[in-house]
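Colleague: I'm new to this one and would like a quick tour. Can we just chat through it?

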Amino acid sequence: MVNMPTHSIFKQKVMYKLIKPYWFFGLTFLFVLLLYFPVLTTFFTGDDFFHFKVAQTDGSVLGFVKLFGFYSFDERGYAFYRPIFREALYHVFYNLFGLNHLPFRLLQFLIHFINVYLVFIVFEKLFKNKTLAYFTSFFFGISAANVGSLYYLAGGVQAQGALMFTLFSLVSFINKKKIATFVFFLLALSSHELTIGLPLLLAGTIFLEESKFKTFITRCIKELWYYGIVLLGFLYLNLFVIGFSSGEAQYKINFNPKTMLNTLSWYGAWALGVPEMLVDYLGSGLKLNPELMKNWGEYFKLIFPAFFAIISIIFYSLVRNIKIFKQKVFWFLIAWFIVGLLPVAFLPIHKKTYYLQISLPAISALIAYTSRRLLVVVVLAFLVLNITSIKLAEKSYWAKQRGEFAQKLLIDFKQKYPTLPKGSRIYVLNDPDYPFISEEWGGTSRQAYFILNGSDALQLLYKDSLLRVCYQDIPKDCSFENSIEFVARL
């Protein structure tokens, strides 16, 4: 046997350390892409067309800069300050790609892959354990909780971007890069209000480092006081300058502790991999609507056993390792989950899985950390639950279905009317052959109204801001004289 030179052995060890992470992330990214590949073909819908419209400017540099200003709800028609991944993103992409959805979808995957890697970096530093960090990033990457953030573009890309800047800020803070931490904090705030709890997460990392409470408090005040000032200003501008729509009942705040606990429980179940749509079938007293079995087919036979298996594994692991309740990391992860949901924890009517983005790394870490002695078993249960939920969403998630309908409607419009005179009036009629489902569901014109967001989609398609669209099922003051008729066939 030939003895290998020392420098060659050293070189092989170095290459092994370099290649191993690349193999892991390469396979993880490929797995994510295979699971979520239909996202790439999912078209815009509803809110996307609205965002495109409000992101239009006069074409000047000043007009683009103004997209980052604070405007009242009455002036611009939307609440919350999210200019980076809303106004700016939609403005740039529409001017570059028009209504081509693929660049948007590729961007979403890129951000998701960056977040998978950043989750690994953050928890490698917190756990001091690469194996747990790998599994945490893997759980995060393939989680069915990403269905909402990937398929529902309008809200999802904002939450994804907010998480990306949150993770960058955490990594910078752990590495003692104060300026970078603060810059990423500002970028996170400008992406989504879900990040208002970021200073608390930064304080949590100090909590993990310091053994004395007095030192912990001193460092928090010294290193984070200016974050508090910025946050107060941000909240004031959002609440009193931008404001909200008084007519949107879904944003009604409820501070009832029991209701909040119920809301957090739903987010916890979704984070483990339960389909978002389960909330539509589960009534009070945990009574299941029989329609679930009909609409889910055979999927429910895998979803429920796998979900209870994960819960059982975590519970068993906690009972077997009672000392975990004395460990700072455990409570930091619990706090991270709650902090990431603070802006939506009091909105019981408006529960969406894409709001989980900031909290999802914490749940992924909790699964890995609490079940580390049974990782193989929990991985199998997690794979079964999440792959099944993702496949179910591929067939039934509302954003995907609406995207397909929107694309079909616009293709039909363009085929029937390749060009239209400026300022045209269009009257959208119901498809007489479409089966009646319910009064709330309405005819195809009502569905088209929400899918195309009124006149927005067609104004964008024909690049005509004067174009007006009326819908048969939507009673509005519309003039039907000299209008172009179109039957919405879904």
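Predicted model: local features only at pLDDT ≥ 70, side-chain atom pairs only at ≥ 80, totals over all residues.

Colleague: Okay, salt bridges then. How many does the count come to?

Modeller: The count comes to 13 salt bridges. The rule asks for a side-chain nitrogen of Lys or Arg within 4 Å of a carboxyl oxygen of Asp or Glu. In general, side chains of opposite charge can pair when their charged atoms come close.

Colleague: What does Lys400 form a salt bridge with?

Modeller: With Glu404, and the closest N and O atoms are 2.6 Å apart. Both sit in helix α19 (residues 398-416), and because they are four residues apart, about one helical turn separates them.

Colleague: Is Lys400 buried or exposed?

Modeller: Lys400 counts as buried, at 11% relative accessibility. Glu404 is partly exposed, with a relative accessible area of 40%. The cut-offs are under 20% relative accessible area for buried, over 50% for exposed, and partly exposed in between (1.4 Å probe, protein chains only).

Colleague: And which residue does Glu394 meet in a salt bridge?

Modeller: Lys391, at 3.3 Å from N to O.

Colleague: Where does the pair Asp431 and Arg489 lie?

Modeller: Asp431 and Arg489 form a salt bridge with their closest N and O atoms 3.1 Å apart. Asp431 is in the loop between β1 (425-429) and α20 (444-451), and Arg489 is in the segment after β3 (484-487), so the pair ties together parts that are 58 residues apart in sequence. Asp431 counts as buried at 12% relative accessibility, whereas Arg489 is partly exposed at 40%.

Colleague: What about Asp433, where does that lie?

Modeller: Also in the loop between β1 and α20. Asp433 counts as exposed, at 65% relative accessibility.

Colleague: Which residues are linked in a network of salt bridges?

Modeller: Lys176, Glu209, Glu210, Arg219 and Glu223.

Colleague: Changing topic: what is the volume of the second largest pocket?

Modeller: About 1100 Å³. That volume is the space filled by probe spheres set on the grid points, which are joined across faces, edges and corners. A pocket here is an open set of points on a 1 Å grid over the protein atoms alone, where a 1.4 Å probe fits, with protein on both sides within 12 Å along at least five of seven lines; lining residues have an atom within 4 Å of a point.

Colleague: So what lines the second largest pocket?

Modeller: It has 31 lining residues, and Ser265, Gly268, Ala269, Phe307 and Ile311 lie nearest its centre. The elements giving two or more residues to the lining are α13, α15 (300-320), α16 (328-340) and α17 (360-370). The largest share, eight residues, comes from α13.

Colleague: How does that lining divide into nonpolar, polar and charged?

Modeller: There are 24 nonpolar, seven polar and no charged residues in it. Ala, Val, Leu, Ile, Met, Phe, Trp, Tyr, Cys and Pro count as nonpolar, Asp, Glu, Lys and Arg as charged, and the others, Gly among them, as polar.

Colleague: Last topic, backbone. What is phi of Phe80 near?

Modeller: Near 70 degrees, a positive value in a residue other than glycine. Most residues other than glycine have a negative phi. Phe80 lies in the loop between α4 (73-76) and α5 (84-97) and is buried, with a relative accessible area of 15%.

Colleague: And phi of Asn453? What is that near?

Modeller: Near 55 degrees, again positive. Asn453 lies in the loop between α20 and α21, and counts as partly exposed at 24% relative accessibility.

Definitions and conventions: Residues numbered from 1 in each chain as written. Heavy atoms only, no water.
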